[in-house]
Structure formats: structure tokens, C-alpha cells
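Take a first look at this chain before reading on.

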Amino acid sequence: VQLQACGGGLVQAGGSLRLSCAASGSGFRINAIGWYRQAPGKGRELVATFSLGGSTYYRDSVKGRFTISSDNARSAELHMTSLRPEDTAVYYCTAWTANNVQTWGQGTHLTASS
């Protein structure tokens, strides 16, 4: 499976932005898809996930501001609102296939300026 992410960019604090991720390839089933982020000088952290059964996860700092949606977990969108400077990071799309094998897409930069 290959993941292709797009979106990101520069936005003012309080603004909104949407990230998209699409999986390609064949012969696999994605059990969950989501996003991690890594801010400058910090470790990578899980932001949100969407599972094949429809359940979602959000880290506390983005609850109520970010929404993840997906079409059968083969693609996902992360709609981010009320962006804060601390949301500035490189965002990585990721997916878990059978046996919990995790695949990564390329990172996309988001800068929320104050």
C-alpha cells in the first residue's frame, strides 16, 4: 500500500485547513487510517485515527477542533479548524493494514501563524 497526502500550508491562527490522504495499491485491507504530527524539536504524536468500523480517536489537544473522515479507510480527510500556533508541525498520514503493519505517507507541512 502507498499513501499519498496533500494539503497543508500556511494559515493564520484561528483559521482552517484540510489535509487529505489516499491509499493506492491492491491486495490489502486497511484497518485504520490516521494522522501523526511532529513539531520542530519534538517527537511524533498521534493526532487522529479512523477505524474501519467507523470509530475515531483524537488526541485531547485537538478534540472539538479537528475532524477526521474516511471512505472505508482507504482515504481520509482531516478537517482542522481554530488552528493554533502549537498545531504547527509536519503531518504524516499513516495506515494500519493486516497484522497491524503500519505504513507511512510523506509528510506535509502546516504552519499556523500567530
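Is Asn-99 buried or exposed? Asn-99 is exposed, because its relative accessible area is 77%, and the cut-off for exposed is over 50%. The residue sits in the loop between β9 and β10 (102-113).

Asn-100 is not a glycine either, yet it has a positive phi of about 60°. At 61% relative accessibility, Asn-100 counts as exposed.

**Confidence**

This is a predicted model. The mean pLDDT of the protein chain is 94. Of its residues, 100% reach 70 or more. Confidence is lowest in β1, where the mean is 92. It is highest in strand β6 (residues 56-58), at 98.

**The sheet**

Four strands make an open sheet. Their order is β1-β3-β8-β7, and the pairing is antiparallel. β1 (2-7) and β7 (66-70) stand at the edges. Each has a single partner strand, so one side of each is left without a neighbour in the sheet. On average, neighbouring strands of this sheet are turned by 15° against each other, direction ignored.

Now turn to one pair of strands. Strand β3 (residues 17-24) and strand β8 (residues 75-80) run antiparallel, joined by 6 bridges. Within this pairing, Ser-20 stands opposite Glu-77 in β8.

**Salt bridges**

How many salt bridges does a search of the whole structure find? The search finds 6. Three of them are set out here.

| Pair | N to O distance |
|---|---|
| Arg-18 and Glu-77 | 3.2 Å |
| Asp-60 and Lys-63 | 3.0 Å |
| Arg-65 and Asp-87 | 2.8 Å |

Start with Arg-18 and Glu-77, whose side chains meet in a salt bridge. Arg-18 lies in strand β3 and Glu-77 in strand β8, so the pair ties together parts that are 59 residues apart in sequence. Arg-18 counts as partly exposed, at 42% relative accessibility. Glu-77 also counts as partly exposed, at 30%.

Next comes Asp-60, which forms a salt bridge with Lys-63. At 63% relative accessibility, Asp-60 counts as exposed.

The side chains of Arg-65 and Asp-87 meet in a salt bridge too. Which parts of the chain does this pair tie together? Arg-65 lies in the loop between β6 and β7, and Asp-87 in the loop between β8 and β9 (89-97), so the pair links parts that are 22 residues apart in sequence. Are these two residues buried or exposed? Arg-65 counts as buried because its relative accessibility is 6%, with the cut-off for buried being under 20%. Asp-87 counts as buried as well, at 0%.

This pair belongs to a wider set. Arg-37, Glu-45, Arg-59, Arg-65 and Asp-87 are linked in a network of salt bridges.

Technical notes:
Residues are numbered from 1 along each chain as its sequence is written. This is a predicted model: local features need pLDDT of at least 70, side-chain atom pairs count only at pLDDT 80 or more; totals for chains, interfaces and linings use all residues. Side-chain values use heavy atoms; hydrogens and water are left out. Two strands pair if DSSP finds at least two bridges between them. Helices (H or I, at least four residues) and strands (E, at least two) are DSSP runs, numbered from the N terminus. Axes are lines fitted to C-alpha atoms, for helices over the stretch in contact, and angles run from 0 to 180 degrees between N-to-C directions. pLDDT is the predictor's confidence in each residue, from 0 to 100. A salt bridge is a side-chain nitrogen of Lys or Arg within 4 Å of a carboxyl oxygen of Asp or Glu. Buried means under 20% relative accessible area, exposed over 50%, partly exposed in between (1.4 Å probe, protein chains only).
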